[in-house]
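Please have the structure open as you read.

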Amino acid sequence: MKIKLTKPVLAVVFALLLALPLVTTNNYVLHIFISMGIYVILSLSLNFVTGFAGQLSLGHAAFYGIGSYVGALIMLNFHVNFFLALIISAVVSGLFGFLLGLPTLRLKGDYLAIVTLGFGEIVRLVFINWAKVTRGPLGLPGIPKPTVFGVELNTSMAFYYMAIVMIIVTVVIMNKIINSGIGMAMQTVKADEIAAESVGIQPIKYKMLAFVISSAFAGIAGCFYASFISYISPTTFIYNTSVTILAMVVLGGLGSIPGSIVGAVILTLAPELLRFLSNYRMLIFGALMVVMMIYRPQGFWGAGKRVKNIYKIKAGGGKHVGHIKG
Amino acid sequence: MFTQQLINGITVGGIYALIALGYSMVYGILRIVNFAHGDIFMMGTFLGLFFTQSLGMQFYIAFPLSAAATAFIGIFVEKIAYRPIRIADKLAVLISALGVSIFLQNLAQIIWGTETHAFKSGIEVSTFKFGGLILSNIQLIVIFLSCVLMMGLYFVVNKTKIGVAMRATSHNLNSAKLIGINTDRIISFTFGIGSALACIAGLLVGIYYDAVFPIMGYSYGLKAFAAAILGGIGSIPGAMVGGFVIGIVETFGAAYISAGYRDAFAFGILIIVLIFRPSGILGKKLVEKV
């Protein structure tokens, strides 16, 4: 992995992505790429709270689900335009993030992970049991596609390009925040909360901010997913989904935007590419995760790259930092 | 009705407590959450099923045999997946554990299929009536066995030499090494004991509900984990208390409020307790040093 994110490399990747629907008309391929796009947004949003603010969340699927259900319900019941629904889902998911964060962000590390895990389970159970609104396990069918000036965008190609635009917007926004004072404060909190406090940074404020922004982006991904797939049910928003998103973030390289994208791409492609192993594919997949963590615990886009990215230090000798535990 | 639900709650609580002990002991020593523990529990249950059904063993032979086999699975998992990265980032261990979890779940599905199996334990169900109370002999076995095992564990940890070594390792791994404790062996021992207890819990689930399936590790594991946190992770009596509290709360919640939200009660109480007492019911308060 000696790829450098120089402008020409990015331009080539971007051009290839734009050209993809022109090359293939295979809906299966486009479908995988769109799901990949949704997972890219999800892993970017989880990376924002876990990688940059250091708060481990195991309930990311809950915010994804809230965004999905809110988007679907307002589009179905109130015939709200897709793009407005996107914003409303983001706001509602963010609000839930805020409400959950209010009492729980005081908790450190592992405990926050547990609370978010519990929250994820409770949200899923609400989707299943609140049958009057969510139709319970039957799910919500017939979620409308987006319309622009009366034209319905119902092709895979339209969703594909929308996914690309959304990823670019997400990356740009996150990049801006991370390189701003707020982002620096967040990373300080991640590195050492007590040190952060001693220089006048309120940890809780920045943790909350990161948590809310992360939840809001997950909500956007959820709403997009609902419209794309047109049918949602509680089985999508399970603990396994949260775990998969976390695996993407960690495999890609925690605290790195390109890393999260790479992680999401690899973990969506791997099960498809391993299909020839039929029954054994998830077995191999699990084993690969273990092997990967043993030989490359810093992920694909490792710490060396990150140190260089953030602090613009020449990473001589490729030494990795931050993996020594006292 | 009330006492009846209490007994039902204690029965499931005992099972949760046995699984929770594995989470808690491992966390106490390595400060990692063994997310594959639920699946080790499931493997233990299926090994029990294999011994009793496919090999036609009596359950009193199959019980210790599957417990021993599961202990080896636990030790093996630690050796392969956790030991090489023990000093690395905690998140790396977490992802590795998730990998093990996916692996074991799919292994069980390949070997035993995805369907639910009946668990014929060969124990005749008989019920006793005390006034309005109905108690089955299976409930008595579950409660009795979980209590005996927990007392046994408490004895091992507090009164034996290896228990002292375990406590020393959990207090500070590096200083334990310095005073000549073979910490690797202690860690293996801890994984072995935790896995064996989880296996027994799984067999008890088998005889109590008469149904086992490859993804059972998920819901039991999650709730036992909640129990370990609730009681105070790292604390052995805490895991027991947590298990019983979760069992009783979810049984009462399901009986009196809503059966559909059964699992939500367990997590609801966990969140509430953590907000007011982040270190759990019996957990030690950690003071952070600068």
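In this predicted model, confidence in chain A is highest in helix α3 (residues 60–77) of chain A, with a mean pLDDT of 92. At the other end, helix α14 (residues 303–311) of chain A has the lowest confidence, at a mean of 47. Over chain A the mean pLDDT is 82, and 90% of the residues reach 70 or more. The stretch to treat with care is residues 305–326 of chain A, where pLDDT stays under 50. For that stretch the model has 23 contacts beyond four places in sequence.

| Property | Chain A | Chain B |
|---|---|---|
| Helices and strands | 14 helices, two strands | eleven helices, two strands |
| Buried residues | 45% of 326 residues | 53% of 290 residues |

Read from the N terminus, chain B runs α-α-α-α-β-β-α-α-α-α-α-α-α. Chain B has a radius of gyration of 19 Å, close to the 19 Å that the globule rule gives for 290 residues, so chain B is as compact as a globular protein of that length. Its C-alpha trace spans about 60 × 45 × 35 Å along the principal axes.

How do the chains meet? The contact draws on 34 residues of chain B and 32 residues of chain A. On the side of chain B that touches chain A, the elements giving two or more residues are α4, α9 (216–231) and α11 (262–276) of chain B. Of these, α4(B) supplies the largest share, twelve residues. By residue type, this side of chain B divides into 26 nonpolar, five polar and three charged.

Covering residues 90–112, α4(B) has 23 residues and reaches 33 Å from its first C-alpha to its last, close to the 33 Å expected at 1.5 Å a residue. What follows α4(B)? The next residue is Gly113(B), with a positive phi near 80°.

The largest nonpolar core has 187 residues, and Ile200(B) and Leu270(B) are the ones with the most contacts inside it. Helix α10 (residues 203–229) of chain A gives the largest share of this core, 16 residues. Which residues does Leu270(B) touch, leaving aside those up to four places away in sequence? From chain A there are Ile114(A) and Gly118(A), and from chain B there are Ala226(B), Ile229(B) and Leu230(B).

A last stop is Asn175(A), which sits in helix α7 (residues 156–178) of chain A. Is Asn175(A) buried or exposed? Asn175(A) counts as exposed because it has 12 C-beta neighbours inside 10 Å, and a residue with 12 or fewer falls in that class.

Key: Residues numbered from 1 in each chain as written. Chains lettered and ligands numbered in written order. Predicted model: local features only at pLDDT ≥ 70, side-chain atom pairs only at ≥ 80, totals over all residues. Helix = DSSP H or I, 4+ residues; strand = E, 2+ residues; numbered from the N terminus. Expected span 1.5 Å × (residues − 1). Contact = placed C-beta atoms within 7 Å. Nonpolar A, V, L, I, M, F, W, Y, C, P; charged D, E, K, R; others polar. Rg over C-alpha atoms; globule rule 2.2 N^0.38 Å. Buried ≥ 20, exposed ≤ 12 C-beta atoms within 10 Å, placed from the backbone. pLDDT = per-residue confidence, 0-100. Core = buried A, V, L, I, M, F, W, Y, C linked by C-beta atoms within 7 Å.
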